[in-house]
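Hello,

Here is the structure for you to look over. My notes come after it.

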Amino acid sequence: MMSKHIALKNIRINDPFWNDVSELVRQEVIPYQYEALYDRVDGAEKSYCIENFVKASAVVSALKSGEEVPVYPVDKWQYTDDNCDENAFHGWVFQDSDAYKWLEAVGYSLSNHFDPELKKKADGIIDIICSAQLDNGYLDTLYIINDRSRVFTNLRDYHELYCFGHLAEGAVSYFNSTGDRRLLDAACRFADLICDTFGENKKRGYGGHEIAELALVKLYETTGEKKYLETAEFFVNERGKKPYYFDVEQGRETTCDAYHYNQAHRPVRQQKEAVGHAVRAVYLYSGMADVARYCDDKELYTSCNNLWNNIEKRKLYITGGIGSTVDGEAFTFDYDLPNDLAYSETCASIGLIFFARRMAELEVKSNFADVAERALYNTVLSGMSEDGKSFFYVNPLEVNPEASRRDSRKFHIKPVRQKWFACACCPPNLARLISSVGEYAFGENSDTFFVHQYIGADVQSKLGEIKLKSSYTSDGGVKIEVKPNSKMKLALRIPSWCSGYELSHDYSLKDGYAYVDVDGEAVITARFDVKPRLVRCSNRVRANAGKVAVMRGPFVYCAESVDNGDNLQMLVLDKTTRFSQQGEFLIVDGWREKPSDELYSDFAETEKERCKIKLHPYYRWGNRGENEMQIYLRYE
């Protein structure tokens, strides 16, 4: 059974939990990121993003006037004051995308809450961006500023198609919310150039960092221009064929299977294991799912399903994080999920949610929304601070601040959130996902309205009006008022973590959803058991042998040393404990081992004393200063 998400303009979020989160993004995160794009945040790494568009605009004006424009090297991933001319491009090769993701978030935010001052700021950035576009539609400031002759000559490394993808997504969002076509027209002109450049009997290339695939599908959905879908399909089908295009463009001979990092090691229909850079992977898989749906490609859907199953069943952290190593920000091998070395990039979990929604649109099964929920309520929310002005790039499951400072293997693990990043993909990604969370909560087809996430909202579906009131995150309660246009079904996901639930109406179960027949106005209530529970990990995961985690509803909990003292590894949870709640904390019974300074000794039972262990929602960790954190605890 297929479905389609509901356009954000038809959704009004009204939820006691998500209202606070979305307002934080609207009032704090989006304005803060605007200042960061202009390099006006004290103590934060410089972005150079808007500065590059201004430089590119000057180059375009000079070219139109017939002036001679200098050429600078295009030979590195990051350009700084120390390694390039002051008039050249600065920042990472993908720096343009920060502005595009910010504009995408603004578009969603304006759809939820129109703000004329915010729109004015966005319009100013759009003016700068459009003025930097070449006459042929090309728009990437690295090459426009540094060397126009090198356009599309290193697709593997230099992110032109990636930046285009975020331009297209930002343009669609802004157009849908405001009706302003300027950025959409710029994106379409660039897309037209890409369609003219790549394909059969043209350049047979594809991006080293995927996202153009799903972005072209979004342009197709918005404009109806079929060549955008056809080019997305070409990029998907061409990927991984031999000789590898990445070798061809550099004049090298293909000698072995390579490019796992880029998911281009073999054609996508032959891929069954999620490999390489985790963000790139789930962006690709999302585009594959889109193409499978619109092209009715059952073989491609099977490939998507194989890749999904590998992630969900072998490579997924309890927090919804993916990507277990800093080396390549990548997947490693099945069941390799270290806690204190985890990479678990915020962007990767966001991309996983993209993939989950698209899989649910191909086939409505609860495991897709279950994984999306796990990622959303844990890793994604953990990615930003409570004031919206600092961020985690990496989301570990265990932190020792001393190790982060002194062990080079753990330098990527930060015990406190950072103000900004030179490679700032995660903060604007957070803003755009949270501002569009409604698109991931609900779906519909010809006769059924699907509730994938229990987020309070007023929804105008083609099937009728649906009003969902939710206390899901606090007590598992849901109330749904339905005013159907005609007879319909309401499908409610039964969360995988739920050991018991009650529904007010008769229902039938299919693939993890409870289907309720609705014929006339109705009020359907549900309650899911959100009592705390212990969760074990497969004993194939070496890091968690003999340990358990604690969850309540969709939330993972963790211990922090600010509540429990240093050396969290000495805590032992009593598996027979009766949980008690203290505000946002869970209190569990356990023991604290007494420290032993003797490095080695003959075996004897470790001395320990009874204690209360205080657990905090994982997504809120790190907001009370630098301290230790740990999710998995030993138990007796």
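Below are notes on the core and on the packing of some helices.

This is a predicted model: local features need pLDDT of at least 70, side-chain atom pairs count only at pLDDT 80 or more, and totals for chains, interfaces and linings use all residues. Residues are numbered from 1 along each chain as its sequence is written, and side-chain values use heavy atoms, without hydrogens and water.

The largest nonpolar core has 209 residues. (Such a core is a set of buried Ala, Val, Leu, Ile, Met, Phe, Trp, Tyr and Cys residues joined through side-chain atoms within 4.5 Å; buried means under 20% relative accessible area, with a 1.4 Å probe and protein chains only.) Trp102, Tyr285, Phe442, Phe449, Leu490 and Ile631 touch the most other members. Apart from it lies another core, of 6 residues, including Val364 and Phe450.

Helix H11 (residues 278–294) packs on H13 at about 15 degrees, with the axes 8 Å apart. (Helices are DSSP runs of H or I, at least four residues, numbered from the N terminus; axes are lines fitted to C-alpha atoms over the stretch in contact, and angles run from 0 to 180 degrees between N-to-C directions.) H11 is therefore roughly parallel to H13 (angles under 35 degrees). By class, their contact (heavy atoms within 4.5 Å) has 14 nonpolar, 2 polar and 4 charged residues. (Ala, Val, Leu, Ile, Met, Phe, Trp, Tyr, Cys and Pro count as nonpolar, Asp, Glu, Lys and Arg as charged, the others, Gly among them, as polar.)

H12 (residues 298–314) and H13 (residues 346–362) cross at roughly 130 degrees, their axes coming within 11 Å. Trp308 is one of the H12 residues in this contact, and Phe355 is one of those in H13. The contact has 9 nonpolar, 1 polar and no charged residues.

Best wishes

Methods: Buried means under 20% relative accessible area, exposed over 50%, partly exposed in between (1.4 Å probe, protein chains only). Helices (H or I, at least four residues) and strands (E, at least two) are DSSP runs, numbered from the N terminus. Angles under 35 degrees count as roughly parallel, over 145 as roughly antiparallel, 65 to 115 as roughly perpendicular and the rest as oblique.
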